Amino acid sequence: MTLRIDLDVIEELAKLLYIRALKILPEDIKRGFDRLYAAESDGTARSILATMRENIAVAEKTDNLLCQDTGIPIYNVTIGDGVEVRGYALKEAIERGCARATREHPLRSSIVHPITRKNEHTSCGVRVPVINIDFSTEPDELRIEMIPKGSGSENGSFLKMCIPAEGVDGIKTFVVDRVIEAGGKVCPPTIVGVGVGGTSDLCMHLAKIAATRPLGSICADPEGANLERELGQAVNSLGIGPQGLGGDGTAFAVHVEIAATHITMNPVAVNIQCHSARRAVATIRPTGIEIGT
Amino acid sequence: MAHHTLDMPITEAQARALRAGDTATLERTLFGIRDATQIHMFDRGRKTRFDLRGHAVIHTAPNVKKVPVSNEFPAGYQSICVGTTTSARMERFTRPLMEQYGVRLIVGKGGLGEASKRAFKDLGGAYLAIIGGTAALESTWITAIEDVDLDDLNPESLWRFGIKGFGPLLVAMDSHGGSLYDTVAATAAERRAKALAAIGVKA
């Protein structure tokens, strides 16, 4: 069987997913709030977490954006087996949908030219939206995940080309120190995304994948999963807390993604996701389109 | 820990009465300001026609909708979603905002640094922490976009918002050298070694 992709559908979905992601927080993140609130021992931190939960409810009730930051739009497209789609036209359709969401809702366009700082008011620009294309063995299925990546936490991005002699200790120390350095600037409670290995660019990309993974998911590599558990414990013992104003709940979780690396290299990257951990997903199958997170 | 209801603008004495750990709710007027606004005001010599003396500014760039000018929308903008951005990027503008424009309060998230703390102390001001990422709620405290200046920088224009019950906000930095961020940073620095040792990192 072959799934043929209608590009008008892609354009509509690119628009719908951007707006939906900005308004409805995924269930796993809501449960993350419940868990942090129940465990929080600091009074100020509890009241901050309560206000964040109230905001999620207000956004849904008033059909408004959770956060004013419309972020850098990212679309992760996964093309399954037997899917027929015109690749370049698919990217153009996503860009059109992204620009339409911005004009028609309307949304704040947060995207500017990096040198002139000119805003086209479309949420688009050179190489933006970010469109990542990957492939899966899933038959007759095309999946689009939309992530509006907030800038406060994106500015909490760090790379260190550690050397082999620094070992895993170097990786752990780097992550803990960057979380301390980021403090309240990255809008905690966060998901701390950590990339380990690969090249410099792959390492940073892994950190982004880790930061935007659903809560409750675990690194497929057992050593990576160990590191997640240890670093999660470490960052939540620092007392930074929600909004960096003190407390236990600094991070919902630390997520790790790994790639093999070179014998001379030991790279580690950190990419942070703020508490407004927004995402929306559409899955196109021959039987219909499913919208979720 | 006192709660202050502040009908903007305020005096220096009112600003100096705020202590780190207190809470405050703002009434009447709030100005929205951001990176580009301040880069243009302080690095490129542009001036605003707004009188900011005694006022509070919030680090924001809102989501707005262009609408015909009316009594309800005097600036031709309807507010959709007004939230708060990370303050630290705008650290170097605190002093000129206070010295040149008489601003008393800065509303933001994530905190400001040493230079701002000194400016608050020297000139009489404070930093009020809002909860970042709670813009849907914050938007319900905005009654109108009353006016806008430097609008070629949109969305990083200088906005004048009408507000009602804007808060509670947490006084996180005061004019007496108090900063909740310093306290948290000291705690984290003190706990760092133990946190690393607990996950097997050798000193």
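## Ground rules

Since we're looking at a prediction, local features need pLDDT of at least 70 and side-chain atom pairs count only at pLDDT 80 or more, while totals for chains, interfaces and linings use all residues. Residues are numbered from 1 along each chain as its sequence is written, chains are lettered from A and ligands numbered from 1 in the order written, and side-chain values use heavy atoms, with hydrogens and water left out.

## The cores

Let's start with the nonpolar cores (sets of buried Ala, Val, Leu, Ile, Met, Phe, Trp, Tyr and Cys residues joined through side-chain atoms within 4.5 Å; buried means under 20% relative accessible area with a 1.4 Å probe, protein chains only). The largest one has 75 residues, and B:L26, B:L105, B:V107, B:Y127, B:L128 and B:F166 have the most contacts inside it. Chain B's strand β9 (residues 158-173) gives the most to this core, with 10 residues; strands here are DSSP runs of E, at least two residues, numbered from the N terminus.

A second, separate core has 35 residues, including A:I19, A:V77, A:I94 and A:A282. Back in chain B, the contacts of B:L26 (heavy atoms within 4.5 Å), leaving aside neighbours within four places in sequence, include B:L105, B:V107, B:L128 and B:F166.

## B:A24

B:A24 sits in strand β2 (residues 23-33) of chain B. It counts as buried because its relative accessible area is 0%. Not counting residues up to four places away in sequence, B:A24 touches B:H3, B:H4, B:L6, B:L128, B:F166, B:G167, B:P168 and B:L169. B:R46 is 22 residues from B:A24 in sequence, yet the two are 32 Å apart in space, C-alpha to C-alpha.

## A:E141

Over in chain A, A:E141 lies in the loop between β4 (130-139) and β5 (142-149). At 13% relative accessibility, A:E141 is buried too. Its side chain makes a polar contact of 3.2 Å with that of A:R285; such a contact is a pair of N or O atoms within 3.5 Å, one able to donate a hydrogen and the other to accept it. Beyond four places in sequence, A:E141 also has contacts with residues including A:L3, A:T78 and A:V83.

## Cavities

There are four cavities of 30 Å³ or more. A cavity is a set of points on a 1 Å grid where a 1.4 Å probe fits but cannot get out, and lining residues have an atom within 4 Å of a point. Points are joined across faces, edges and corners, and volume is the space filled by probe spheres set on them.

The largest cavity has a volume of about 110 Å³. Of its 16 lining residues, A:C67, A:D69, A:S151, A:G152 and B:K109 are the closest to its centre. The lining divides into four nonpolar, 10 polar and two charged residues, with Asp, Glu, Lys and Arg counted as charged, Ala, Val, Leu, Ile, Met, Phe, Trp, Tyr, Cys and Pro as nonpolar, and the others as polar.

Terms used. On a 1 Å grid over the protein atoms alone, a cavity is a set of points where a 1.4 Å probe fits but cannot get out, and a pocket is an open set with protein on both sides within 12 Å along at least five of seven lines; lining residues have an atom within 4 Å of a point. Helices (H or I, at least four residues) and strands (E, at least two) are DSSP runs, numbered from the N terminus. Buried means under 20% relative accessible area, exposed over 50%, partly exposed in between (1.4 Å probe, protein chains only).
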